[in-house]
Amino acid sequence: MSKSVRNTLAAYLLLLPALVLFSVFILIPLGYEFMISLSKWNGFGPMSFVGLRNYTRLFSDPEFYAALSHNVQYAFGTVLVKIVLSFVLALLLHGAFRGVTLFRTIMFIPVVLSFVVVGILWQWIFNPNFGLMNVMLGWLGLNEEMNPIQWLGSPHYALIALMMVDVWKWTGYHAIIFLAGLQGIPKDIYEAASVDGATRWRSLWHVTVPLMRPTLLLNVTIAAMGAFNVFDIVYTMTQGGPYKSTSVLLTMMYDKAFGSSGDYGYGTSIAFALFVIIVIISAIHIRIVNRSERA
């Protein structure tokens with residue numbers, strides 16, 4: 001047996017445990033999920049194969065497009081705000097000054113709180129009668145005491161309220177990623193830019209931002225994928241209401257699969273459609289990263 005063949009066999013043997021785990025926990029469940037999506041099943045009796053009927057029903061269901069629209073709105077509303085705020089926070093907390101560790105810890109506290117705690121906390125904050133949000137708006141003259149804003153009870157405000165909670169919870173997480181990227185930039189580059197007469201503002205736009213592009217793309221992709229995978233905040237605070245104004249793909253999937261209808265096949269087809277969306281987002285990210293690395 002030649003040396004190259006032995007090296008190839010050794011490489012495959014080293015990869016075998018990872019391939020087995022990937023197959024058991026990813027490929028096989030994914031294949032089983034796709035099989036369920038082609039069936040009519042209530043979770044107890046035998047499956048009845050229906051082919052692509054669930055997908056035909058899905059793509060003609062107005063509720064699916066409404067939920068997808070909410071996901072898209074949620075993504076646009078949260079990703080931009082989180083990225084801008086987290087980048088500004090990272091810039092402020094980058095460097096050594098008294099209390100920086102404390103500030104970084106405080107910034108990260110919302111990330112580690114459970115979704116149940118976050119949901120209950122913000123339900124109190126958004127309470128129309130005594131919630132902190134309406135109280136502060138009242139101080140600014142933006143809220144009428146006799147006609148308070150129904151943050152979670154109004155179809156016009158409920159989705160915006162959920163976006164605010166998402167931004168509050170996850171901005172610290174993205175700021176930590178930005179902070180790691182900032183700490184990876186060599187100080188020599190800033191010193192060279194300073195010697196060339198660059199101000200702090202010019203250094204930010206012509207040194208920091210270009211070198212942070214891979215970290216920026218990573219943060220945008222994570223935030224976008226999180227926006228399409230959102231479930232906990234929505235289900236804890238509104239359960240998709242009022243009048244399905246905050247229903248997203250995962251709450252719709254949960255309702256169809258585990259709700260009164262108990263249609264696992266249709267619910268799984270929603271989950272598989274969401275999986276395809278996430279794959280597309282990941283593929284776009286990989287393509288952009290590869291193109292930026294070649295540039």
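This is a short walk through one predicted chain, from its overall shape down to a few residues.

Okay, housekeeping. Residues are numbered from 1 along each chain as its sequence is written, and side-chain values use heavy atoms, with hydrogens and water left out. Since the model is predicted, local features need pLDDT of at least 70 and side-chain atom pairs count only at pLDDT 80 or more, while totals for chains, interfaces and linings use all residues.

Let's start with the whole chain. It has 13 helices and two strands; those are DSSP runs numbered from the N terminus, with helices being H or I of at least four residues and strands being E of at least two. The radius of gyration is 24 Å, well over the 19 Å that the globule rule gives for 295 residues, so the chain is more spread out than a compact globule. For the record, that radius is taken over C-alpha atoms, and the rule is 2.2 Å times the number of residues to the power 0.38. Along the principal axes, the C-alpha trace spans about 85 × 75 × 30 Å.

How much of the chain is buried? Buried residues make up 38% of the 295, where buried means under 20% relative accessible area, exposed means over 50%, and partly exposed is in between (1.4 Å probe, protein chains only). The accessible surface comes to about 17,900 Å², and 69% of that belongs to carbon and sulfur atoms. Those areas come from Shrake-Rupley with a 1.4 Å probe, and for residues only the protein chains shown count as cover.

On contacts, meaning heavy atoms within 4.5 Å: if you take those with a separation of 6 or more, residues 24 or more positions apart account for 66% of them.

Charges next. There are 18 positive and 13 negative ones, and their mean positions are 11 Å apart. Lys and Arg count as positive, Asp and Glu as negative, and His and the chain ends are not counted. Each charge is placed at NZ of Lys, CZ of Arg, CG of Asp or CD of Glu.

Now the rings. A pair of aromatic rings is described by the distance of the centres and the angle of the planes. Here, rings of Phe, Tyr and Trp (its six-membered ring) pair if their centres lie within 6.5 Å; planes under 30 degrees apart are stacked, over 60 edge-to-face, and the rest tilted. A search of the whole structure finds 20 such pairs. One of them is Trp-151 with Tyr-157, edge-to-face at 5.6 Å centre to centre and 65 degrees between the planes. Trp-151 counts as buried because its relative accessibility is 8%, whereas Tyr-157, at 34%, is partly exposed.

Another edge-to-face pair is Tyr-235 with Tyr-254, at 5.1 Å and 65 degrees. That one links distant parts of the chain: Tyr-235 sits in helix H11 (residues 232–237) and Tyr-254 in helix H12 (residues 249–258), 19 residues apart. Tyr-235 is partly exposed at 30%, and so is Tyr-254 at 33%.

What about the loop between H11 and H12? Pro-242 is in there, and a cis peptide bond joins Gly-241 to Pro-242, with omega about -5 degrees. Gln-239 is in that loop too, and it has a positive phi of about 55 degrees although it is not a glycine. Lys-244, also in the H11–H12 loop, has a positive phi of about 60 degrees. As background, most residues other than glycine have a negative phi, and most peptide bonds are trans. Gln-239 is exposed at 55%, while Lys-244 is partly exposed at 47%.

Let's move to Ile-185, in the loop between helix H7 (158–183) and helix H8 (187–195). At 9% relative accessibility, Ile-185 is buried. Leaving aside neighbours within four places in sequence, it contacts Tyr-190, Thr-208, Leu-211 and Met-212.

Ser-203 is in helix H9 (residues 200–211), and it is buried at 9%.

Last stop: Phe-59, in the loop between helix H2 (53–58) and helix H3 (62–93). Phe-59 is partly exposed at 46%. That's my tour.
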